[in-house]
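Have the model open while you read.

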Amino acid sequence: MKSIKIAILAMTALSCAIASSNAFAGDAAKGKAKSATCVACHGANGISMIPMYPNLAGQKEQYLALQLKAFRDGERKNMVMAPMAAGLSDDDIANLAAYYAGLNPAG
Ligand code: HEC
């Protein structure tokens, strides 16, 4: 009986781990579609033409997602980026992060 309980616990833990890793993986194609508004400042390939605005191409996926959530949730304050992130869902953010992380940082 005890070993069955342990087996069930182990399976539950494993499926949670798989579910959470899936929840994190964004869809780069959907991210690209969503990036139309980002292009003006961050460039068509995630390389900005404007010195004030950061490049996003090839940046770490997890970092990009965390920054977008921080802008959206008001933890990272920036008058320009906050309104850009305000309307993004968690899925949008995961997709945008996957898209920009997959771009070539060399342009
Ligand atoms: C009007 C210009 C503008 C637009 C449009 C814009 N951004 Fe930004 N973005 C900025 C600026 C300026 C910063 C730097 C903010 C700061 O200094 O904290 C920034 C920062 C970021 C960062 C953090 C980069 C880092 O290295 O920490 C991410 C991620 C980001 N933007 C993603 C996006 C995405 C995704 C979109 C489209 C939904 C978008 N931005 C649209 C101007 C813009």
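## Around the ligand

Helix 3 (39-42), helix 4 (61-72) and helix 5 (81-86) each give at least two residues to the shell around the ligand. Helices here are DSSP runs of H or I with at least four residues, strands are runs of E with at least two, and both are numbered from the N terminus. Keep in mind that this is a predicted model: local features need pLDDT of at least 70, side-chain atom pairs count only at pLDDT 80 or more, and totals for chains, interfaces and linings use all residues. Residues are numbered from 1 along each chain as its sequence is written.

There are 18 residues around the ligand, and C38, C41, N78, V80 and M84 come nearest (near means a C-beta atom, placed from the backbone, within 6 Å of the molecule). Here's the shell by class:

| Class | Members of the class | Residues in the shell |
|---|---|---|
| Nonpolar | Ala, Val, Leu, Ile, Met, Phe, Trp, Tyr, Cys, Pro | 13 residues |
| Polar | the others, Gly among them | five residues |
| Charged | Asp, Glu, Lys, Arg | no residues |

## The rest of the chain

Overall, the chain has six helices and zero strands. Of its 107 residues, 22% count as buried, that is, with 20 or more other C-beta atoms (placed from the backbone) within 10 Å of their own.

The largest nonpolar core has 16 residues, and L64, L68, A97 and Y100 touch the most other members. Such a core is a set of buried Ala, Val, Leu, Ile, Met, Phe, Trp, Tyr and Cys residues joined through C-beta atoms within 7 Å. Helix 6 (90-101) and helix 4 each supply at least two residues of this core, with the largest share, eight residues, coming from helix 6.

Key
A residue is buried if 20 or more other C-beta atoms lie within 10 Å of its own, exposed if 12 or fewer, and partly exposed in between; C-beta atoms are placed from the backbone.
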